[in-house]
Amino acid sequence: MKWRRLNVFKTKGCMMRQFYPHQRKAFRYAKPKPSIALLMQMRLGKSLVATRWAKSRTDWNDPVLIITPATTMHVWQSELEAEGINATLLQGSSKKKLAALWEGIGGDEFLWFVVNPEGVRACPEILTGVPWEVVIVDESGGWFTNPAAKTVKLIRRSLGEVPNRAILTGLPDPAGPEDYFEQMAFTFGEFMGHDSFWKWRLDYMRPAYFGWELKPSSRRKIKSAVRELAFIQTAKEAGVYVPKVYESRYVELPAPWRTLYRQAIKDFELGQLETKWAVVVQTWLAMLAGGIMPVELGEEVSRHKIEELVKLLKGELRGTPIVIWARFIRELQAIRSALKKAGVKVEILSGLTKKAARPKLLDDFRRGKVDALAIQPKIGQYALNLAHASAHVFYSNEWDWGIRGQCEKRSDHVEKKEAVLIVDLVTENTVDEDVLAALRGKRVSSNQILQRAMARVKNDCLR
């Protein structure tokens, strides 16, 4: 195979973007190292730091692989294009991925490829068929943590000897620092003297009733080990702290829907639907609180939340660029219908939105062509630049604090100083209150939520 020599820093037609001071500090840490861990808070530009680091590690036109969630693949492509790199996205069937890979390897472009973890799992030949010089694992804290996961084992086994390796994620999570073993061991070959999670667990964890828990002295040792290996940077340290102003708006669940809500908790039934699973009941409760029914029960919508949203956007938040977060696609559809009737220009970004259409939606929002952008949290939590937004309205919440935190940070920017308004729409005496309380405590337990809801119904019945 023939490789061309290129000066990757002086790409024709590419205007070099300037680092912010906090990025220069990160790059000083990264440049001399073959393996790096960038634990930088969201919206601090760690992808640009990683890209420049990868460039500095490739004197020849060596192949570079970026593994990132599907929702951020196009974001990475845009980031690399800004650096003069025409990256190839490995998408579609395994046959299509491999065809794109070999076409890129045999072409005259930079050998940079972007793939998602699911693509790697379905087509492991991507990892083993090319002598990768650099591999970057992005948003690793969200998926590269489970030592038993097939994708994690596959990547560690196949890419553990790549000369230059990097992980990119947010700050260490105080609630679960043990999650960093696989990330650190992949990047540096070992972590705290071990290359196997199972051996490491014997030293730093102990059996508990439902599994394993950290030993009392382990949390401090793990944090110290992470700090020694990784570059850690908070938004406040970087001078990019964007203050948040929190507000909650409460609405009542209409009486007929309240009856259905109680039936779901007491009997594990909703209309003609029955279940024996608590997680299904929790989903029903969340849907009812948001004003929608399971699709099997029809298209009926309650406007108790939507009307409050319309009041906000037509009143206090009129003329303000707003991001609306809603968990269910049918919620998003109901929101769009109601807001358009009220004269508010709104677009949806959900799991049904084609990936090719997403950049235009974001561009329309930034240019002010739409007043509001309604997004599913799991779609919008990574890499979206929503710095144009001045307010977030959480119509409904996911139960994961990591997702909520990511969504809130989408509007942060280095040059943004004004406070961002965060509004939660909450249906009173429903699971909405329990989820929000749990999120604020950075801990959500589905069993606790259902138990609280059942206790609330019992109290209501005793009144």
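**Salt bridges and cysteines**

Analyst: The structure, which is a predicted model, holds 16 salt bridges.

User: What counts as a salt bridge, and how far apart are the closest N and O atoms of Glu 83 and Arg 52?

Analyst: The criterion is a side-chain nitrogen of Lys or Arg within 4 Å of a carboxyl oxygen of Asp or Glu. Glu 83 and Arg 52 meet it, with their closest N and O atoms 2.6 Å apart. This pair links distant parts of the chain: Arg 52 belongs to helix α2 (residues 46-56), and Glu 83 to the loop between α3 (73-81) and β3 (88-89), 31 residues apart.

User: Are Glu 83 and Arg 52 buried or exposed?

Analyst: Buried means under 20% relative accessible area. Glu 83 has a relative accessible area of 0%, so Glu 83 is buried. Arg 52, at 4%, is therefore buried as well.

User: How should I read the salt bridge between Arg 249 and Glu 316?

Analyst: Start with the distance, which is 2.7 Å from N to O. Then place the partners: Arg 249 is in strand β10 (residues 244-251), while Glu 316 is in the loop between α14 (304-314) and β13 (322-325), and 67 residues separate them. Last, check accessibility. Arg 249, with a relative accessible area of 16%, is buried. Glu 316, with 60%, is exposed, because exposed means over 50%.

User: What is a disulfide, and how many does the count come to?

Analyst: A disulfide is a covalent bond between the sulfur atoms of two cysteines. To count one, look for a pair of cysteine sulfur atoms within 2.5 Å. By this rule the count here comes to zero.

User: Are Cys 123 and Cys 407 buried or exposed?

Analyst: Cys 123 has 0% relative accessibility and so counts as buried. Cys 407 also has 0% and counts as buried.

Key:
Residues numbered from 1 in each chain as written. Predicted model: local features only at pLDDT ≥ 70, side-chain atom pairs only at ≥ 80, totals over all residues. Heavy atoms only, no water. Buried < 20%, exposed > 50% of the residue type's maximum accessible area, 1.4 Å probe, protein only. Helix = DSSP H or I, 4+ residues; strand = E, 2+ residues; numbered from the N terminus.
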